[in-house]
Structures are given as structure tokens and as C-alpha cells.
Amino acid sequence: MKYLGITLERPKIGVFSFTGCEGCQLQIANKEETLKDLFGVVEVVNFREISSEGRDDYEIAFVEGSITTESESARVKKIRKQAGTLVAIGACACLGGVNNLKSRFSLPDVVKEVYGTHPIDTGPVRKVKDVVRVDIELPGCPISKPEFEWLVRHLILGIEPQFLQYSVCVECKQRLNSCVFDMGMMCLGPITRAGCNAVCPRNRLGCWGCRGPAEEANFESLMEILRERGFSEEHIAERMNFFNAFGGIL
Ligand code: SF4
Ligand code: SF4
Ligand code: SF4
């Protein structure tokens, strides 16, 4: 492949799934209009959702999902050994994500309630970086395809990706959205990292924090505002802890 007359490598990639809904992988497989271009610049050697190919000579591994069993832990360690670059994709991989909701309950009780006596292998929810070294984290639930493509461009060109540091509020205001706070809804936009184009507020929904904390997020100030606006402690805690994005600050 040539870009501006320079020959570029076409890296071999693998996309791997752990505990999650596979929605992030689906994002990669979506947006057909750019799929041909994407697969022109990378060689997919392992991606169960779209291909029966299953080679282990990948150079970049994209890892979706959190790590919740010992067998997953062993598998992600094996992937880490092979991959020159390991990218955690999505809130489950980067934060624990919605899977972490099970941490609120006693694990044996939950397993019994859902599966009865059927044997289930499940343990505490771990972020990928709690188990292996992660080079880059691509946030979101699900990840955004344009942001994935932006990251792939950086990886191919060997440029360090610089993620936005400011909050969702900034891009929400840039798009002249009406603030959902003024409609009586809760929103974590003031403390959440931008990059999703404020898609939830744009659609009249409060932010749930799926992209994790923004740099210099002022938690205390937001807590004060939420309490002033009459949101209960339970409601605030439920929102803050939903994606496990804010380190259990409540
Ligand atoms: S981050 Fe969201 S979309 Fe991605 S695997 Fe987890 S639950 Fe699914
Ligand atoms: S809707 Fe949410 S993200 Fe948008 S300005 Fe209001 S608080 Fe910020
Ligand atoms: S607005 Fe918040 S919850 Fe919605 S996609 Fe963006 S970061 Fe995630």
C-alpha cells in the first residue's frame, strides 16, 4: 500500500471477544461503505464475527470485553504475548462496563438465581489492563466506527493517537444541543470524556458515562448540582456506577 508515495506496511490484525455483547466488534464490521478501504489497509487474520480465518500471526490485537474467568485470563495473556500492540476496545474492556453490575450481588446467589444448578464458570469482573499490559484504550459502549478508523490510521502511520481530554459537555455545547438537565434529566456529560459527539444528549437522553472520566473531571461539583436538582443518592449512585467508569466514587 502506498500513501503520498510512501510504502506503508499492511499490519495483520486480530479482533478478539471476551465477556461482552460483541457490539463493539459489530461496530467494526458495520459501515459497509468503508469496509473495503479498511480491509485494504489491514489484513484481518483472526476475527470470529466476520471470518472463519483463525491465524495467530497478528501484530495488532483488538480486545473486546472484560475478563471474568480464569480461562479468559489465560487466553488474553496468550494474545498479549503474540501482539506487538494490544488495544482494549469498548467500555467492557476498558472499564469493566455493564458486566460489573454483577459485583453488586453475591456471585454464587446470582449464578444460582439465573442458571440454577447448571455449572457456570464466572468470577469477578476485571478490566483488560488488570490482567495484561494494554497499549491503547478505545472507549465507548459501543465504540464508534469513525473513531476506530481514526485509530487504525494512526497505528498504520505510527503516530501516537491523542484522545480528546475535555468533557462531553464541550462537544454538546458546540453542537448547540438543548441541555437535558433543563428537561429534568440526569446527565454525566460534565465529567465524561468527549469523542461521541454527545450522541445521547443530541437525542434527548442524559449521558451515562460510557467513555470514562474526562481529564480534570470535577466530580464534587457535579454531585453538588445533582443533589441541588433533587436527584436521590440511589439514583446518582446507579448512574455513576453503571459502566464502572468513575472508580466507585459513591
Ligand atoms: S462495551 Fe458495550 S457494546 Fe462493547 S461489548 Fe461491552 S456492552 Fe457490548
Ligand atoms: S446535556 Fe449533558 S452533556 Fe449536554 S450540556 Fe447538558 S449536562 Fe452537558
Ligand atoms: S453521551 Fe455519554 S453515554 Fe452517550 S455515548 Fe457519549 S459518553 Fe457514552
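What covers the buried residues of H6? The covering elements include helix H1 (23-29), helix H2 (32-41), strand S5 (60-64), strand S6 (85-89) and strand S7 (136-138). Helices (DSSP runs of H or I, at least four residues) and strands (runs of E, at least two) are numbered from the N terminus.

This is a predicted model, in which local features need pLDDT of at least 70 and side-chain atom pairs count only at pLDDT 80 or more, while totals for chains, interfaces and linings use all residues. Residues are numbered from 1 along each chain as its sequence is written, and chains are lettered from A and ligands numbered from 1 in the order in which they are written.

**First stop: helix H6**

Select residues 145-157, which form helix H6. Its 13 residues reach 18 Å from the first C-alpha to the last, close to the 18 Å expected at 1.5 Å a residue; the expected span is 1.5 Å times one less than the number of residues. Now colour Glu147, Phe148, Val152 and Leu155, the buried residues of H6. A residue is buried if 20 or more other C-beta atoms lie within 10 Å of its own, exposed if 12 or fewer, and partly exposed in between, with C-beta atoms placed from the backbone. Helix H6 is followed by Gly158, whose phi is positive, near 70 degrees.

Step back to the loop between S7 and H6, where Pro142 lies. The peptide bond from Cys141 to Pro142 is cis, with omega near -5 degrees. Most residues other than glycine have a negative phi, and most peptide bonds are trans.

**Second stop: the nonpolar core**

Select Ile60, Ala61, Phe62, Val63, Val87 and Ile89, the residues with the most contacts inside the largest nonpolar core, which has 54 residues. Such a core is a set of buried Ala, Val, Leu, Ile, Met, Phe, Trp, Tyr and Cys residues joined through C-beta atoms within 7 Å. Helix H4 (residues 90-95) supplies the largest share of this core, 5 residues. Domain 1 (2-157) and domain 2 (168-241) both give residues to the core, so the core lies between them. Centre the view on Val63: among the residues that Val63 touches are Phe16, Phe18, Val76, Ile79 and Val128, not counting residues up to four places away in sequence. Two residues are in contact if their C-beta atoms, placed from the backbone, lie within 7 Å.

Colour domain 1 (2-157) and domain 2 (168-241) separately; their bounds come from an automatic or database domain assignment. The centres of the two domains, taken over C-alpha atoms, are separated by 27 Å. In the contact between them, 8 residues of domain 1 meet 6 residues of domain 2. H4 gives the most to the side of domain 1 that touches domain 2, with 3 residues.

Is Lys31 buried or partly exposed? With 13 C-beta neighbours inside 10 Å, Lys31 counts as partly exposed. Lys31 lies in the loop between H1 and H2, and its phi is near 60 degrees, a positive value in a residue other than glycine.

Ala198 has a positive phi of about 50 degrees although it is not a glycine, and with 23 C-beta neighbours inside 10 Å it counts as buried. Met186 is found in the loop between H7 and H8. Met186 touches Gly206, Leu226, Phe231, His235 and Arg239, not counting residues up to four places away in sequence.

Then select residues 107-115, helix H5. Of its 9 residues, the number buried is 0, so helix H5 lies largely in the open. Just after H5, Gly116 takes a positive phi of about 60 degrees.

**Last stop: the whole chain**

Zoom out to the protein chain, whose secondary structure comes to 10 helices and 7 strands. Along its principal axes the C-alpha trace spans about 60 × 55 × 30 Å. Of the 250 residues, 36% count as buried.
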